[in-house]
Amino acid sequence: MSNLIVFSIDVFASLFIVVFGCLVLVVIYFYINDVTQSKQAIRRNYPVIGRFRYFFERQGEFFRQYFFAMDREEMPFNRADRSWVYKAAKNVDRTTAFGSTQSLEVTGTVMFMNCAFPTLDEEALEPSAVTLGPHCPNPYITKSLFNISGMSFGALSKPAVRALSQGAKLAGCWMNTGEGGLSPYHLEGGADIVFQIGTAKYGVRDEQGKLSHEKLKQIAAHEQVKMFEIKMSQGAKPGKGGMLPGKKVTAEIAAIRGIPEGHDSISPNGHPEVKNPADLLDMIASVRETTGKPTGFKAVIGAYAWLETLFAEINHRGIESAPDFITIDSADGGTGAAPQPLMDSVGLPLKESLPLVVNMLEKHGLRERIKVIASGKLIVPSKVAWALAVGADFVVSARGHMFALGCIQALQCNKDTCPTGITTHNERLQRGLDVADKAQRVANYNKYIHYGAGLIAHSCGVFSARELGRQHVRVVQENGLSEPLDKMYENYQ
């Protein structure tokens with residue numbers, strides 16, 4: 001027995017010496033590497049120890065998110081909103097106790113005006129059906145208020161796209177392909193599809209990168225593809241094309257997009273053939289005539305004088321020439337990768353751009369002809385209800401549905417290291433995303449968005465969320481008092 005103890009001590013002592021020796025060698029290597037490199041002054045002046053500074057900096061996002069940020073203060077999405085999405089997706093109790101953590105005194109706070117005689121449950125109605133593209137051979141009719149915004153296969157992983165597709169079918173909502181083209185995984189679930197035409201024309205481009213009408217016809221031949229959306233710009237990077245790092249451009253993604261494998265995929269800043277409103281209408285007409293399906297455009301609104309020209313040109317050409325819908329993206333939109341100056345400082349937020357566009361459509365008599373889709377951080381029922389009240393016909397969300405898939409806001413979308421498997425092509429990380437389970441969560445989330453928006457509508461005394469109007473909302477001003485939304489935006493343009 002004593003010999004065994006002595007032998008064990010010798011083994012552990014030897015292991016300790018080996019491990020300690022390796023650590024010493026590693027420290028020596030780091031020391032030499034740090035004092036000889038010239039890119040980081042901290043490491044050069046404080047070799048080895050200086051490395052902890054960069055380690056702690058990277059860990060700061062994690063600790064702020066989970067330990068230090070209050071429920072309502074974290075960006076880009078606070079813990080309270082994320083928690084509601086997680087609970088809705090999991091179909092667990094979404095009620096809270098003891099009072100709201102949201103301050104009602106902060107400037108910009110939205111408050112819905114409850115009615116003295118609210119709508120009874122037996123009086124409530126489903127949202128009414130809306131027709132997009134009434135002048136098309138194949139108009140699209142849907143009741144869905146809340147839908148999945150554009151997220152490309154490539155930016156998202158294969159299991160993430162599959163789960164969204166199957167979840168959208170269960171929910172009865174549409175799914176936007178994003179600018180990366182139509183993959184088999186978008187079609188797999190049987191959901192309605194909106195095909196997005198980005199500035200690089202991925203999926204519908206010829207060998208010169210121009211729009212191919214033959215490929216457009218092939219996409220339109222899919223019965224599931226209900227509409228086409230021309231992406232002019234998006235909120236996170238207005239005036240800048242989409243970016244997909246080369247390490248995420250696999251052979252499959254390259255084939256779907258029509259680009260070289262393994263190379264950075266960077267779209268042009270705009271459509272080369274669209275230089276003015278007339279060109280935009282020409283492109284819309286061309287796509288609609290080729291596909292026979294509703295066609296509109298997506299843009300983040302900044303300078304807006306061009307919209308006046310656009311709407312005047314529509315009335316000059318005739319009502320049939322109008323886009324069937326306009327998707328308005330907020331300046332606080334999200335993406336997998338974007339330059340920070342654009343993400344932080346360019347474009348109008350939705351609280352300004354949405355009422356602006358709606359008012360301009362009414363001014364030109366086009367409000368009924370052109371449907372409005374709102375996009376941008378609208379991930380909980382109150383924000384969806386606000387957008388409907390301002391004038392949106394539909395709301396779309398990308399990041400809300402990512403949270404439903406299990407996104408933890410790790411902020412690693414552009415690094416191919418997403419820990420939840422949503423935005424990575426690392427198969428080991430993708431294994432954590434169970435498609436069937438996440439598809440059901442997507443459907444649950446969509447269901448409770450509709451339910452929550454309906455709760456607000458019924459409290460305001462209307463029969464469905466589509467009947468909400470600006471008269472049902474007040475917004476807190478700088479003096480701490482609220483002002484009716486219809487008065488705020490009455491002459492807003």
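This is a friendly conversation about how some descriptions of this predicted model are reached.

Student: What makes Ser397 count as buried?

Tutor: Ser397 has a relative accessibility of 5%, and buried means under 20%, so Ser397 counts as buried. Ser397 is found in strand 13, residues 394-397.

Student: Which residues is Ser397 in contact with, leaving aside its neighbours within four places in sequence?

Tutor: Those contacts of Ser397 are Phe146, Asn147, Ile148, Ser149, Leu378 and Ile379.

Student: Why does Arg44 count as partly exposed?

Tutor: Partly exposed lies between the 20% limit for buried and the 50% limit for exposed. Arg44 has 41% relative accessibility, so Arg44 counts as partly exposed. Arg44 sits in helix 2, residues 41-45, and its C-alpha atom is separated by 9.5 Å from that of Ile32, 12 residues apart along the chain.

Student: Let's turn to helices. What makes helix 13 mostly covered?

Tutor: Eight of the 10 residues of helix 13 (residues 381-390) are buried. They are Pro381, Val384, Ala385, Trp386, Ala387, Leu388, Ala389 and Val390. Just after helix 13 comes Gly391, with a positive phi of about 145°.

Student: How do you know that the reach of helix 5 is close to the expected one?

Tutor: Helix 5 (residues 158-171) has 14 residues. The expected span is 1.5 Å times one less than the number of residues, which for helix 5 gives 20 Å, and helix 5 reaches 20 Å from its first C-alpha to its last. After helix 5 comes Gly172, whose phi is positive, near 75°.

Student: Which elements do the buried residues of helix 5 pack against?

Tutor: Among them are strand 4, strand 5, helix 6 and helix 16. The buried residues of helix 5 include Pro159, Ala163, Leu164 and Gly167.

Student: Why are helix 5 and helix 16 called oblique to each other?

Tutor: Their axes cross at roughly 45° and come within 7 Å. Roughly parallel needs an angle under 35 degrees, and roughly perpendicular runs from 65 to 115, so helix 5 and helix 16 are oblique to each other. Their crossing is right-handed. In this contact, residues of helix 5 including Arg162, Gln166 and Leu170 meet residues of helix 16 including Val435, Lys438 and Asn446. The contact residues divide into 10 nonpolar, four polar and two charged.

Student: What makes helix 4 roughly perpendicular to helix 16?

Tutor: Helix 4 (residues 79-90) and helix 16 pack at an angle of about 115°, with their axes 7 Å apart. Roughly perpendicular covers 65 to 115 degrees, so helix 4 is roughly perpendicular to helix 16. The crossing of these two helices is right-handed. Trp84, Val85, Ala88, Ala89 and Lys90 of helix 4 meet Arg441, Asn444, Tyr445, Tyr448 and Ile449 of helix 16. Seven of the contact residues are nonpolar, one is polar and two are charged.

Student: How do you know that helix 10 and helix 12 are roughly parallel?

Tutor: Helix 10 (residues 305-317) and helix 12 (residues 350-363) pack at an angle of about 30°, and their axes are 10 Å apart. Angles under 35 degrees count as roughly parallel, so helix 10 and helix 12 are roughly parallel to each other. Their crossing is right-handed. Leu307, Glu308 and Phe311 of helix 10 make the contact with Val357, Met360, Leu361 and Lys363 of helix 12. Five of these residues are nonpolar, none is polar and two are charged.

Terms used:
Residues are numbered from 1 along each chain as its sequence is written. This is a predicted model: local features need pLDDT of at least 70, side-chain atom pairs count only at pLDDT 80 or more; totals for chains, interfaces and linings use all residues. Side-chain values use heavy atoms; hydrogens and water are left out. Helices (H or I, at least four residues) and strands (E, at least two) are DSSP runs, numbered from the N terminus. Buried means under 20% relative accessible area, exposed over 50%, partly exposed in between (1.4 Å probe, protein chains only). Contact means heavy atoms within 4.5 Å. Axes are lines fitted to C-alpha atoms, for helices over the stretch in contact, and angles run from 0 to 180 degrees between N-to-C directions. Angles under 35 degrees count as roughly parallel, over 145 as roughly antiparallel, 65 to 115 as roughly perpendicular and the rest as oblique. A crossing is left-handed if the near helix is turned anticlockwise from the far one by less than a right angle, and right-handed if clockwise. Ala, Val, Leu, Ile, Met, Phe, Trp, Tyr, Cys and Pro count as nonpolar, Asp, Glu, Lys and Arg as charged, and the others, Gly among them, as polar.
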